[in-house]
Every structure is written in structure tokens, then in C-alpha cells.
There are 2 protein chains.
Amino acid sequence: VLLKEVLFFPTTVTCVEHLFASRRDLPFSCPCSLPHGLETSFTKLLRHLLSAKSSLDLCVFAFSNQDLSHTVLLLQSRGVTVRILTDKDYMLISGSQIGTLRRAGICVRHEMGAVHMHHKFAVVDGRLLITGSLNWTLTAIQSNRENILVTEEPDLVRPFVREFQQLWEANNPA
Amino acid sequence: VLLKEVLFFPTTVTCVEHLFASRRDLPFSCPCSLPHGLETSFTKLLRHLLSAKSSLDLCVFAFSNQDLSHTVLLLQSRGVTVRILTDKDYMLISGSQIGTLRRAGICVRHEMGAVHMHHKFAVVDGRLLITGSLNWTLTAIQSNRENILVTEEPDLVRPFVREFQQLWEANNPA
Ligand SMILES: [Zn+2]
Ligand SMILES: [Zn+2]
């Protein structure tokens, strides 16, 4: 059965550190004051992203969330090929993680044509689509009414894979 | 077979007047200078909305597009029950269609709890889901990189129907 899931935000803020722990750190015990061991829309989103084995293609207007930045860097350290396409104006805003990710060696391109690159989608291993209203910011996750839809349905995944590839090539700065 | 479709924006600007013409106006001939008879992501979106027979539930952060406003008013005139849930800050912005729609008797509520009601989804006849990054503005349709996903898949439609119902009740001003 193909995965089909809808996640709504905002969510309760919980600790997500255990999701980043490596196998040898387990059992993992965290001293922070946030609630532990709760499954939320955000932990589910992180689990889907962390399931990447070979590639993560991310097309997102705003990216300032540190847990999501941590996730991307962890994937890269595991050998996953990460490509990020983002908005030219938002990436310069204070708090944006784009500079940090670029400096860490992640391949980032920004939309050079359209007024705004307003997409908010990710494709994991060319197989799993995550798309919706949610920007990768703290406000989106903790404060706004937002949705994401997660699906493996090929008829829905394929157009997003194609859109990413087209935008990636069209915005090659070289 | 259940409908599954992905539409990308921006689109070529074309005339959409024929979509609003009633049967007795056909064949419809329009004197405007825009291209006629082209199918675009925007005409497809309007067709999906205009297919509503009994209800349109719309949950959208920004609504300023006049063709979409025209669509909503036309549906209302056909006896379709329209409910709109929107963002409290954006609805007051100049160019917002929310005031016009309210004055025309459309039921509108705004999010009173969350920081922003950032959803951009519509459910037609409780059956067809339209969701994505696209706000109902001219910039979104004509200038930005945007996506919408259109599906009848019950596992995806049902959570959005439930979310709309919950937010509608939670934001009853009475
Ligand atoms: Zn903790
Ligand atoms: Zn015309």
C-alpha cells in the first residue's frame, strides 16, 4: 500500500533530539525541559525526511528552522545527496539557514526568474513527496495553521520530480 | 479512477470569460485582447471550482484575485453553499476580496487563534481536494512558482474536510 498521510500544524513543541541520535547513543536520555517521547506532526515530518537513503530534493520559499537544518546536515553526513532550491529574497533574511547550509557544502540554488519561488515541497529518494503550505520556519510549525500532505503515489510524485529537475537546471548559475 | 492532478504556476495569462458564460450565451465571443481558448493551470483550477454542485469550503490565507472572486459569486448564485475561512490580518489588506464577498452574503470567518491561518486549500462537494502553495492572488497565479495538487483520493480529502469543520466551528464569532 502506498503511503498517504496528511499532517496539520501548529503542533505541541516537543524534544526531537532522539531522532538525531545515532544507534550507539541509544537508549537516549535528554536533559532538556521539553516534553519527550511524543509523536507530533513535526516529529513525523522529521522521520519522513530522515528516511532518505540516497537523495533529498527540497524546494522551499523560507528555511529558518534549526531542527530542519540539523536534519539536512545529518542526511548529508550520511552520504545523502541534498539539493535545495529557494527564493532569492527570503534566503538573505536574518535567521535564514541557507547561508549556513551553503557553507556546510550543501548544493543550493535560488530562483532567478519568477517573482517568488513559493513552492514548499520535498522529494525523498525520488519516491516520497512532502508538499503543502508549510514553510521551513519556526512560526509555521509552532504558531500557524498549516498542512502538509505526504504521499508515495507515483502520479503525484512524478510531476514534482519533473518540476524540481526543470527549476534546478533553469537556475544553474554557472 | 480517482482524479489525481498536479498543476504548476505561473501560467500564461489568458481570457477566462468563457468559463463564466451561461449556456444561453454560447457560442461565446469575447472582444478582449488576451489569448482565447487556451487551457492553462488557471483555467483548470477554475473548472474544478466551477464543477461544485452543492458546496465549496475554502480555507485560504490571501484572497485578492478577481476571477476567483467572480467564481465564488457565480457558485453562490447557482445555489452552492460557500464557506470561507481566512486570515485575520490579510483580510484587511487593500485589494482583498473578502469584504466584497462578505457584502455579497458569502459566509466568511477568520482564524482567531493561531498567528496565521496559512492554509491554501479548497474542498468541492466534500469530494474533491485542491491544496498547495497557491494563494488566491494575482501574483501567485501570474508571477510566482507555485503548485496545487487536485485529488479525489478519500484518504487525502477526509483529513482536510475534518480540519475545515474543526476550524469553522472553533472560529464561530457568535
Ligand atoms: Zn530533550
Ligand atoms: Zn476575452
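This is a predicted model: local features need pLDDT of at least 70, side-chain atom pairs count only at pLDDT 80 or more; totals for chains, interfaces and linings use all residues.
Residues are numbered from 1 along each chain as its sequence is written, chains are lettered from A and ligands numbered from 1 in the order of writing, and side-chain values use heavy atoms, with hydrogens and water left out.

Helices (H or I, at least four residues) and strands (E, at least two) are taken as DSSP runs numbered from the N terminus, and two strands are regarded as paired if DSSP finds at least two bridges between them. Strand 3 of chain A, residues 81-86, is paired on this criterion with strand 2 (residues 55-60) of chain A, to which it runs parallel and is joined by six bridges, and with strand 4 (residues 107-110) of chain A, again in parallel, through four bridges. Thr86(A) in strand 3 stands opposite Val60(A) and also opposite His110(A) in strand 4 of chain A. The chain crosses from strand 3 of chain A to strand 4 of chain A through helix 4 (residues 98-103), and this β-α-β crossover is right-handed, a term that applies if, with the strands pointing away from the viewer, the path from the first strand over the helix to the second runs clockwise. A right-handed β-α-β unit is likewise made by strand 2, helix 3 (residues 66-77) and strand 3 of chain A.

Five of the six residues of strand 3 of chain A are buried, and the strand is therefore largely enclosed by the rest of the structure; here buried means under 20% relative accessible area, exposed over 50%, and partly exposed in between, with a 1.4 Å probe and protein chains only. In strand 2 of chain A, Ser55(A) is buried with a relative accessible area of 18%. Beyond its neighbours within four places in sequence, Ser55(A) is in contact (heavy atoms within 4.5 Å) with residues including Val80(A), Thr81(A), Val124(A) and Asp125(A).

A rotation of 180° with 0.0 Å of shift along its axis superposes chain B on chain A with an RMSD of 0.0 Å, which is the relation of a two-fold axis; the superposition is by least squares on the C-alpha atoms of residues with pLDDT of at least 70 in both copies. At the interface, 32 residues of chain B are in contact with 32 residues of chain A, and 100% of the interface residues of chain B are also interface residues in chain A, so the copies meet through the same surface. The two chains bury about 2800 Å² between them, 66% of it on carbon and sulfur atoms, where buried area is the accessible area (1.4 Å probe) that two parts lose on being put together, summed over both.

Of salt bridges, 14 are found over all chains, and the count between chain B and chain A is six. One of these joins the side chains of Lys4(A) and Glu153(B) at 3.8 Å, N to O, and crosses from strand 1 of chain A to the loop between strand 7 (146-151) and helix 6 (154-170) of chain B. Lys4(A) counts as partly exposed at 25% relative accessibility, whereas Glu153(B) is buried at 12%. Lys4(A) and Glu153(B) are linked with Asp155(B) and Arg158(B) in a network of salt bridges.

Most residues other than glycine have a negative phi, and most peptide bonds are trans. Pro10(A) is placed in the loop between strand 1 (4-9) and helix 1 (17-20) of chain A. Asp125(A), although not a glycine, has a positive phi of about 55° and is found in the loop between strand 5 (120-124) and strand 6 (128-132) of chain A.

How values were computed: A salt bridge is a side-chain nitrogen of Lys or Arg within 4 Å of a carboxyl oxygen of Asp or Glu.
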